[in-house]
Amino acid sequence: MKRTFRKNQLIISWVVLVVALCLFFWPAAKLWPALTYEQPDVSYKVSSIEDFTSNIDKIRNSPTMKQYSSEHFEFYLPIDYMSQAEANAYIKWVEERRGKVLEYLNHQDVSDDELKIEVFVLDRSGVSFSNGKYFVVYDPKSGLDYTVHELTHSLDWQQIVLLVIENDENEDILHQDALNNFFYEQTAVLAEEEFGAGMAFPNYGMPVDAIIYGQLRQGTTIEPLESLKQREGLLDDNELTISEWRYLWAGSFARYLIETYGADAHRNVMTAGYQGAYQKPLTELEQEWLTSLRVGALRQGIMLSLGGVLVLAIAHLCLGRFWLWLLPVMTSLLAFLSWGYYLSYSDDELWGLVIAVVAGGLFKLWKYKIGVVTLWTLGLLLLLESLIIPAI
Ligand SMILES: [Zn+2]
């Protein structure tokens with residue numbers, strides 16, 4: 001084979017390298033702040049939810065906390081954690097998020113001093129929590145911020161309170177379908193994904209549905225929604241991974257419902273249940289949602305395969321002019337891996353591709369044609385896996 005230096009090939013290999021570098025760093029840059037953040041040592045600590053609730057007055061009046069009032073909130077922010085400017089920015093941001101969440105869920109907007117929500121920022125290495133009157137978050141500067149999640153719980157609870165008040169304080173108007181953790185985590189996870197600061201459980205800044213598509217391609221079985229509804233809470237300290245998945249499923253189900261049927265129907269579940277709000281039972285809504293997930297998983301599989309084919313093509317060029325293409329092919333692989341992680345949470349097909357490229361390279365040392373055939377056969381076979389979605 002004749003090997004002549006071609007200027008345009010050099011240019012193309014550099015363009016590929018730069019594009020691959022950008023593709024690699026985009027998801028990595030999103031994760032970086034949370035990975036490198038160091039929690040400050042501050043003076044405002046509580047050890048548990050019980051510790052907080054039994055000391056709430058002490059915390060409100062603590063000299064280490066500063067109180068701020070805004071239109072819809074009373075804030076208690078630690079002096080040695082937030083400067084005046086940071087506090088003002090946080091307060092403005094929370095007020096703004098409140099408007100966005102109310103609009104998205106089409107909730108009644110009531111400005112009433114009686115319904116002001118207390119916001120406590122505390123240092124507590126555990127989960128944030130909330131009810132209709134207050135919510136507690138810790139270290140929102142870390143990027144691992146649950147403000148919008150907890151705010152949405154508080155706003156949902158206020159909606160419930162308003163419904164009860166409007167119905168002569170009769171709590172019986174609340175439907176059984178809305179009296180469980182599953183119903184409220186739906187909107188909290190969805191609102192956090194839409195309007196949150198970025199890195200919160202359960203998706204940590206990644207698209208919720210994309211993670212579930214990856215799970216489906218890996219053969220994960222989604223628990224029946226009726227059984228999620230029966231659970232006392234979605235969080236179980238003994239099985240954290242599955243807990244995380246339950247939150248993801250709740251958020252994804254809410255997205256499907258709200259995008260398909262609108263926010264009003266979802267809110268009507270509070271008083272009419274799923275059957276009353278949608279004119280169909282939960283199991284039927286569940287089947288529709290699962291079908292939409294299967295379509296999404298297949299679409300994601302096709303995108304991943306196309307990305308893989310691109311890497312194979314660059315690797316093919318690498319086999320011909322090794323020194324010219326080595327850097328672009330390695331960077332493309334890294335980009336493909338980081339996007340695979342970002343989009344799908346699955347790594348079988350990705351590592352399969354690495355094996356195909358390495359095997360192709362090794363066989364090329366022996367014979368060029370065998371190297372190329374090995375690369376494409378192995379690569380395409382392994383990418384085929386991303387198009388297979390088990391029945392759910
Ligand atoms: Zn929650």
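Predicted model: local features only at pLDDT ≥ 70, side-chain atom pairs only at ≥ 80, totals over all residues.

**Entry 1, a bridge.** Which residue of β5 is its bridge partner? I found Val136. I then looked at the two strands as a whole: β4 and β5 (residues 134-137) pair in the antiparallel sense, over 2 bridges.

**Entry 2, the sheet.** Next I traced the strand order. I read it as β1-β2-β3-β5-β4, an open sheet of 5 strands with mixed pairing. Its edge strands are β1 (65-69) and β4 (129-130), each of which pairs on one side only.

I asked myself which strands helix α4 touches. Helix α4 (residues 84-105) packs on the sheet against β1, β2 (73-78) and β3 (117-121), and its direction makes about 145° with that of β2. I then turned to helix α5 (residues 147-166), which also packs on the sheet, touching β3, β4 and β5. The direction of α5 makes about 165° with that of β5.

I finished with α6 (residues 181-195) and α9 (residues 240-261), whose axes come within 7 Å and cross at roughly 80°. The two helices are therefore roughly perpendicular to each other. On the α6 side I listed Phe182, Glu185, Gln186, Thr187, Val189, Leu190 and Glu193; α9 brings Tyr247, Ala250, Gly251, Phe253, Ala254 and Arg255 to the contact. Sorting the contact of α6 with α9 by class, I noted 7 nonpolar, 3 polar and 3 charged residues.

Terms used: Residues numbered from 1 in each chain as written. Axes fitted to C-alpha atoms, helices over the stretch in contact; angles between N-to-C directions. Helix = DSSP H or I, 4+ residues; strand = E, 2+ residues; numbered from the N terminus. Parallel < 35°, antiparallel > 145°, perpendicular 65-115°, else oblique. Contact = placed C-beta atoms within 7 Å. Nonpolar A, V, L, I, M, F, W, Y, C, P; charged D, E, K, R; others polar. Pairing = 2+ DSSP bridges.
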